[in-house]
Amino acid sequence: MLSAKVYINNDQNKVKIPTGVKMLVRRCCNAVLSHVSLAQKAEVSISFIDDADIQRLNSTYRNIDRPTDVLSFPMSTDGKYEINAETGNIVLGDIVISVERAAEQANAYSRTLFYELAHLTVHSMFHLLGYDHEKGGVESAEMKEQEMLIMEKMGLSLNSSFIV
C-alpha cells in the first residue's frame with residue numbers, strides 16, 4: 001500500500017487540537033487512498049483554521065458568506081493532477097477544516113471531536129478525488145456510502161475516538 005505525504009498545519013487557536021489528531025488525519029487520508037486503490041504516491045495539505053478564516057474562504061471561492069465545516073481545493077484538471085517536481089508525488093490538493101465548527105458539530109450531534117475531524121477529512125479526500133455530492137442523487141448517496149465504509153474500516157463509530 002502506498003502512503004500519502006500529509007502536511008498538517010494548525011492555523012487557529014480557538015480549539016485545542018487533541019493529542020493523536022494528526023495521526024488520525026493521516027490515517028484517514030491513507031485509508032481513502034487505499035480504498036480507491038490509488039496507484040501513485042500522493043500528497044495533500046490540511047489546515048486547521050477558525051470560523052472567521054473559513055468564512056472568508058467560503059465567501060471568496062464559493063460566494064457563500066458564512067462559515068462552513070470544511071472546504072476542499074482539488075489540484076486536478078479533467079482528472080489529471082499536478083506532480084510535485086521534488087517528490088514525484090501527485091498533488092491531490094488542499095483541505096481546510098474549521099476546528100471551531102467541527103467542535104460545535106461534534107457537540108450538537110453527540111459525537112467526539114475525533115470522529116468529526118476524521119469524517120470531515122474522509123469526506124474532503126473524496127472531494128479531492130473528484131467525488132461530488134452537491135447535485136444530490138446517486139453520486140451523493142455513493143459518496144456518503146463510501147465515507148461510512150471507510151469510517152467503519154478504520155474502527156470509528158459515532159462515539160469512539162480511534163483504534164490504532
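## Basis

The model is predicted: local features need pLDDT of at least 70, side-chain atom pairs count only at pLDDT 80 or more, and totals for chains, interfaces and linings use all residues. Residues are numbered from 1 along each chain as its sequence is written, and side-chain values use heavy atoms, with hydrogens and water left out.

## Fold and overall shape

Five helices and six strands make up the elements of the chain. Helices (H or I, at least four residues) and strands (E, at least two) are DSSP runs, numbered from the N terminus. Their order from the N terminus is β-α-β-α-β-β-β-β-α-α-α. The radius of gyration is 15 Å, close to the 15 Å from the globule rule for 164 residues, so the chain is as compact as a globular protein of that length. That radius is taken over C-alpha atoms, and the rule is 2.2 Å times the number of residues to the power 0.38. Along the principal axes, the C-alpha atoms fill a box of roughly 40 × 35 × 35 Å.

## Burial, contacts and surface

Of the 164 residues, 45% are buried (under 20% relative accessible area, with a 1.4 Å probe and protein chains only). Contacts are heavy atoms within 4.5 Å. Among contacts with a separation of 6 or more, 70% join residues 24 or more positions apart. The chain exposes about 8800 Å², and carbon and sulfur atoms supply 48% of this area (Shrake-Rupley method, 1.4 Å probe).

## The largest pocket

A pocket is an open set of points on a 1 Å grid over the protein atoms alone, with protein on both sides within 12 Å along at least five of seven lines; lining residues have an atom within 4 Å of a point. The largest pocket holds about 780 Å³. A volume is the space filled by probe spheres set on the points, which are joined across faces, edges and corners.

The lining has 33 residues, and Asp69, Val70, His123, His127 and His133 lie nearest the pocket centre. Helix 2 (51-62), strand 3 (70-74), helix 4 (113-128) and helix 5 (137-153) each supply at least two lining residues. Helix 4 gives the most, with seven. By class, the lining has 13 nonpolar, 11 polar and nine charged residues (nonpolar: Ala, Val, Leu, Ile, Met, Phe, Trp, Tyr, Cys and Pro; charged: Asp, Glu, Lys and Arg; polar: the others, Gly among them).

## The cavity

A cavity is a set of points where a 1.4 Å probe fits but cannot get out. The count is one cavity of 30 Å³ or more. The largest cavity has a volume of about 40 Å³. Leu2, Ser3, Ala4, Leu33, Leu38, Gln40, Lys41 and Ala42 line this cavity. Five of the lining residues are nonpolar, two polar and one charged.

How values were computed: Buried < 20%, exposed > 50% of the residue type's maximum accessible area, 1.4 Å probe, protein only.
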